Amino acid sequence: MQVIYESRTKSALDRAKHIISRKAPKLKKVLNKLEKLVEEGSRFSALLASTTSSGSNVNDTSNPANNVTKIVTTSSGPTQIIFGRDKERDEIIRLLHGTSSNFDPSSSNSNCYSMIAIYGIAGSGKTTLAQHVYAYEKMGNYFDLFMWIHVSQSFSVGKVFQEMLEAASGEPSHEFCNLNTLQEKLEGKLKCKRYFLVLDDIWAGKDVGVHEYKLNQLLSPLESGKKGSMVLVTTQFKDAAKSLGAHGPMRIPDLNETDLFDLFMHFALDGANLDAQELETFQMIGKQIVKKLKGHI
Ligand SMILES: Nc1ncnc2c1ncn2[C@@H]1O[C@H](COP(=O)(O)OP(=O)(O)OP(=O)(O)O)[C@@H](O)[C@H]1O
Ligand SMILES: [Mg+2]
């Protein structure tokens with residue numbers, strides 16, 4: 001969550017605290033919780049600032065942003081509630097199916113697949129949006145095969161191939177294979193299949209040449225698929241998306257105020273049992289906070 005609004009938010013919280021100071025202690029408890037959230041957010045925003053500042057070195061372990069333990073994502077998140085994003089999901093689906101007026105995957109290159117990339121700062125909802133698209137597509141029958149791969153900062157090409165192979169065959173693969181054999185097996189599995197591959201969380205590398213080489217190695221078995229296959233990439237680094245060959249990476253749009261309010265209240269109240277008056281008070285506070293967020297999660 002971007003929390004540059006910390007000091008103003010705190011004073012709003014102080015005012016709200018004063019108004020209800022003689023009311024239910026339960027309200028105070030939830031206010032304190034909100035304050036804690038703002039404080040935690042400010043610590044997180046310091047990390048974000050160092051992660052996204054230009055010229056930052058992602059492999060520099062003295063940079064605290066690079067020491068954050070990244071969670072390995074899967075095709076569905078732990079919380080299934082997604083606020084907003086239907087518009088973005090539908091736009092991506094139009095691109096995936098090649099039905100958007102300004103994007104024709106088949107004409108963009110001679111590959112059997114096309115690539116769409118979503119970029120934006122950490123926590124802005126890229127993975128959540130990709131999960132939303134993935135879940136939607138899985139309900140339809142446009143694609144024959146689905147693969148969700150969390151790539152991460154220091155990925156191994158062999159491990160990613162192995163994961164793709166497992167996703168493509170639907171079976172765990174225990175046997176040890178060299179990279180070449182893995183690639184051949186994967187090509188065999190993708191042959192004549194229209195697949196949908198998500199490469200979640202692509203990073204930019206310190207050694208740009210080696211990193212780009214590894215990223216392009218990931219793409220090499222994908223050529224054996226059926227025309228119309230799609231790769232959806234999420235990344236914090238627009239350049240990483242471009243170096244993979246994504247056309248016009250799309251910056252994840254900010255959530256509109258209503259969706260952001262719903263998301264904020266959902267996580268802030270965390271299922272708290274409130275009466276109507278309490279709810280009204282917290283909604284008023286929530287609205288003030290969300291205004292200051294200006295669309296940033
Ligand atoms: N539209 C949304 N509805 C509900 N929850 C959301 C939404 N967008 C983001 N979140 C929540 O915010 C958190 C961060 O979102 P997400 O992991 O998608 O961000 P990200 O942009 O992929 O971050 P990173 O660059 O670190 O991978 C998640 O816990 C997710 O559940
Ligand atoms: Mg992500």
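**Entry 1: a histidine**

Which helix is His211 found in? I looked it up in this predicted model, and His211 sits in helix 8.

Next I asked myself: is His211 buried or exposed? Its relative accessible area is 9%, and buried means under 20%, so I can call His211 buried.

Then I checked what His211 touches. Skipping neighbours within four places in sequence, I found contacts with Gln153, Phe155, Trp203, Ala204 and Gly205.

**Entry 2: the nonpolar cores**

I went looking for greasy residues packed together. In soluble globular proteins, nonpolar side chains tend to be buried together.

The largest nonpolar core here has 35 residues. Met164, Tyr195, Leu197, Leu199, Leu222 and Val231 have the most contacts inside this core. Several elements give two or more residues to it, including strand 1 (113-119), strand 3 (195-202), helix 8 (208-219) and strand 4 (229-235). Helix 6 gives the largest share, six residues.

Not counting residues up to four places away in sequence, Leu222 touches Cys112, Tyr113, Met164, Leu190, Tyr195, Leu197 and Val231.

I also noted a second, separate core of 19 residues, with Leu95, Leu129, Val133 and Leu232 among them.

**Entry 3: helix 3**

Which residues of helix 3 are buried? Helix 3 covers residues 86-96, and I listed Glu88, Arg89, Ile92, Ile93, Leu95 and Leu96 as buried. Looking down the axis of helix 3, I see these buried residues fall within an arc of 155°, so they line one face of the helix. I reminded myself that an α-helix has 3.6 residues a turn, so residues three or four places apart point the same way.

Just after helix 3 comes Gly98, which takes a positive phi of about 65°.

**Entry 4: ligand 1**

Which residues come nearest to ligand 1? There are 18 residues around the ligand, and Phe83, Gly123, Lys126, Thr127 and Thr128 come nearest.

- The Lys126 side chain has an N or O atom at 2.7 Å.
- Thr127 has a polar side-chain atom at 2.8 Å.
- The Gln236 side chain has an N or O atom at 2.9 Å.

On its own, ligand 1 has 630 Å² of accessible area, and the protein covers 78% of that.

Helix 5 (126-139) and helix 10 (257-269) each supply at least two residues of the shell around ligand 1. The largest share, three residues, comes from helix 5.

Definitions and conventions. Residues are numbered from 1 along each chain as its sequence is written. Chains are lettered from A and ligands numbered from 1 in the order in which they are written. This is a predicted model: local features need pLDDT of at least 70, side-chain atom pairs count only at pLDDT 80 or more; totals for chains, interfaces and linings use all residues. Side-chain values use heavy atoms; hydrogens and water are left out. A nonpolar core is a set of buried Ala, Val, Leu, Ile, Met, Phe, Trp, Tyr and Cys residues joined through side-chain atoms within 4.5 Å. Buried means under 20% relative accessible area, exposed over 50%, partly exposed in between (1.4 Å probe, protein chains only). Helices (H or I, at least four residues) and strands (E, at least two) are DSSP runs, numbered from the N terminus. Contact means heavy atoms within 4.5 Å. The arc is that of the directions from the helix axis to the C-beta atoms. A residue is near a molecule or strand if one of its heavy atoms lies within 4 Å of it. A polar contact is a pair of N or O atoms within 3.5 Å; within protein, one must be able to donate a hydrogen and the other to accept it, and residues adjacent in sequence count only if both atoms are side-chain atoms. Accessible areas come from the Shrake-Rupley method with a 1.4 Å probe; for residues, only the protein chains shown count as cover.
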